[in-house]
Amino acid sequence: MKEIALIIHEDVTLSTITGAMDMLIHTNALFQQLYKQQPFKIVLAREKSSDDALPIPASLAKHSTIDELSRPDLIIVPAFYGDRDAMLEKHAETIAWISRMYQDGAEVASLCSGIYFLAEAGLLSGKSCTAHWHDKDDIVQRYPDVNFLSDMVITDQDGIYTSGGAFSSLNLVLYLIDKFCGREVGIWASKMFSLDIDRIRQSHFAVFKGQRQHKDDEIQKAQTYIEQNHHLQINIDEIAEHANMSKRNFIRRFKKATHNTPFEYLQRVKIEAAKKALETGAQNINLLMYDAGYNDVKTFREVFKKITGLTPQDYRRKYNREVPVLN
């Protein structure tokens, strides 16, 4: 039996806790029905005894404070609401506790923005991780030594698990059930909770808004120029000239500021324009391709799939805004 501690505090995003608990409780119930030992001892670990406890019966989950726990087998760190800086300062003691528990041998899993607690604890240095695609720029800026994989739904490295954004965090819980209880139980849980058991990417959910969390005014101007002219056949030399820089210096400063090369940024802006056209029902891929600034179908399809994980046709089928008719 694995002791799994789910961190509870007043700023927690409840859906990440309740969703994980529901899956773990139902998995325990399955084993109970089969007259087998339940695989999980679920602990709701509050930061302070004065914190409000979730109304979960003691028969389903133990209630405790983090100081009362010796060392869980797995700590699940949920997502949270609020300003990142304020929350990291407010929950510094919990972050330090997570670090100590990991050093003592506990495994740690983060759900969505819970990754900030792990990164702040120093657990992700040199490791691969993921979270909500929206947090990529901020996380990369705060923790430049982490390998942030924004297109991944799950990472698993050295006893540290991280999950993608929002409800895709449930895919990590499914992965853990599959890992700890075996494939047969994993398939059962996949069907029980209507989750794809081998879903690994979240790139098609991402909305590219441009990496502008920097203070390089010249690069900001270059970004605006790219966004306004992406449909034209502009090249890096032209953009560098517009920014009044040598090409070499421009590429260096652009990558430092945005964490993308100018070419990568241009490609992402083009593909974001194509995505929006597909979402509104654009039917002619060739016309859409030209409007996005491409003149070669093969290249357009390859770049589109590399960035989104889907072909243009598959993306249109998934996100076309036409209202479905139910018979």
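First, the ground rules. The model is predicted, so local features need pLDDT of at least 70, side-chain atom pairs count only at pLDDT 80 or more, and totals for chains, interfaces and linings use all residues. Residues are numbered from 1 along each chain as its sequence is written, and side-chain values use heavy atoms, with hydrogens and water left out. Helices (H or I, at least four residues) and strands (E, at least two) are DSSP runs, numbered from the N terminus. Buried means under 20% relative accessible area, exposed over 50%, and partly exposed in between, with a 1.4 Å probe and protein chains only.

Let's start inside. In soluble globular proteins, nonpolar side chains tend to be buried together. A nonpolar core here is a set of buried Ala, Val, Leu, Ile, Met, Phe, Trp, Tyr and Cys residues joined through side-chain atoms within 4.5 Å. The largest one has 35 residues. Which of them touch the most other members? Leu6, Met21, Met23, Leu24, Ile42 and Ile177 do. At least two residues each come from β1, α1, β2 (40–46), β4, α6 and α7. The most come from α1, with 8 residues.

Take Ile177. Contact means heavy atoms within 4.5 Å. Leave aside neighbours within four places in sequence, and Ile177 is in contact with Met23, Leu24, Thr27, Phe40, Gly182, Val185 and Ala189. Another core, of 34 residues, lies apart from the largest one. Its members include Ile95, Ala106, Ile115 and Leu123.

Next, α7, residues 183–192. Val185, Gly186, Ala189 and Ser190 are buried there. Those four sit on the same side of α7, because they cover an arc of only 145 degrees around the axis. The arc is that of the directions from the helix axis to the C-beta atoms. On the other side, Glu184 and Lys191 are exposed. What covers the buried residues? Among the elements over them are α1 (14–33) and α6 (169–181).

After α7 comes Ser194. Its phi is near 55 degrees, a positive value in a residue other than glycine. Ser194 is in the loop between α7 and α8 (217–229). At a relative accessible area of 68%, Ser194 is exposed.

Asp158 also has a phi near 55 degrees, again positive in a non-glycine residue. Asp158 lies in the loop between β8 (154–157) and β9. Its relative accessibility is 51%, so Asp158 counts as exposed.

Now α3, residues 92–103. Buried in α3 are Thr94, Ile95, Trp97, Ile98, Ser99, Met101 and Tyr102. These pack against β1 (2–8), β4 (74–77), α2 (84–90), β5 (107–110), α4 (115–120) and β9 (160–163). Gly105 follows α3, with a positive phi near 115 degrees.

Last, the cysteines. A disulfide is a pair of cysteine sulfur atoms within 2.5 Å. How many disulfides does the structure hold? The count is 0. Cys112 is in none, and its nearest cysteine sulfur, that of Cys129, is 13 Å away. Cys129 is in no disulfide either. Cys112 is buried, at 10% relative accessible area. Cys129 is at 0%, so it counts as buried.
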